[in-house]
Amino acid sequence: MLLLRPAALVTLMRAAGRSGCVRDPPGGLHIPSLSSVRRCSAPPQPVIAAKQPFPVELKAGKKYAWCACGHSRSQPFCDGAHKKAAPGISPLRFTPEEDKTAWLCGCKRTRSPPYCDGTHKEEAVQSARLSAQP
Ligand code: FES
């Protein structure tokens, strides 16, 4: 049986108070004394909407919302699908300062969202199965 020092238990309970849930410690250790506390599920991860970027004509001053979760049916833009399919992921809102053609990320793995940075060329993206859209 695992015994937690009171200070450790207080730390876990405070963490639960902030986020509303707690994670089991690494290694899958289950803490029975926390069985009444809601456990966090894994954070949602974006799905790969496409294995290449989308060329888009952007207008200066217009507000856009780039889909960050990959579930939108209006790629590369948000259609609100994240609210049901990936509630922990929000679209990236941006407003271009000039008219331009941009390559917006479709794989949702770019390190410079919303723009493609070439990450889609990596094996992990190219070999991935595209999930069915909701
Ligand atoms: S499409 Fe995502 S990095 Fe290029």
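Biologist: Where is K108 found?
Modeller: This is a predicted model: local features need pLDDT of at least 70, side-chain atom pairs count only at pLDDT 80 or more, and totals for chains, interfaces and linings use all residues. Residues are numbered from 1 along each chain as its sequence is written, and side-chain values use heavy atoms, without hydrogens or water. Elements are DSSP runs numbered from the N terminus: helices are H or I with at least four residues, strands E with at least two. K108 sits in the loop between β4 and α3.

Biologist: Does K108 count as buried or exposed?
Modeller: Take the cut-offs, with a 1.4 Å probe and protein chains only: under 20% relative accessible area is buried, over 50% is exposed, and in between is partly exposed. K108 has 6% relative accessibility, so it counts as buried.

Biologist: What is the phi of K108?
Modeller: Most residues other than glycine have a negative phi. K108 is not glycine, yet its phi is positive, near 65 degrees.

Biologist: With which side chain does the side chain of Q75 make a polar contact?
Modeller: A polar contact is a pair of N or O atoms within 3.5 Å; within protein, one must be able to donate a hydrogen and the other to accept it, and residues adjacent in sequence count only if both atoms are side-chain atoms. A polar atom of the Q75 side chain also lies 3.1 Å from the backbone oxygen of S72. The side-chain partner, at 2.9 Å, is K108.

Biologist: Is Q75 buried or exposed?
Modeller: Q75 is found in the loop between β2 and α2 (82-85). Leaving aside neighbours within four places in sequence, Q75 is in contact (heavy atoms within 4.5 Å) with A49, F54, C67, G70 and K108. Its relative accessibility is 18%, so Q75 counts as buried.

Biologist: What is the omega of the peptide bond from Q75 to P76?
Modeller: Most peptide bonds are trans. P76 has its place in the loop between β2 and α2. The bond from Q75 to P76 is cis, with omega near 5 degrees.

Biologist: Which residue does a cis peptide bond join to P113?
Modeller: Omega of this bond is about 5 degrees.

Biologist: Which residues is P114 in contact with, leaving aside its neighbours within four places in sequence?
Modeller: P114 has 3% relative accessibility and therefore counts as buried. P114 and A102 are 12 residues apart in sequence and 9.4 Å apart in space, C-alpha to C-alpha. The contacts of P114 are W66, L92, F94, W103, L104 and C105.

Biologist: Is K62 exposed, partly exposed or buried?
Modeller: K62 lies in the loop between β1 (54-58) and β2 (64-66). Leaving aside neighbours within four places in sequence, K62 is in contact with F94, T95 and P96. K62 and F94 are 32 residues apart in sequence but 8.4 Å apart in space, C-alpha to C-alpha. At 46% relative accessibility, K62 counts as partly exposed.

Biologist: What share of contacts between residues at least 6 apart in sequence join residues at least 24 apart?
Modeller: The protein has three helices and four strands. From the N terminus on, they run α-β-β-α-β-β-α. Of its 134 residues, 35% count as buried. The share of those contacts that join residues at least 24 apart is 53%.
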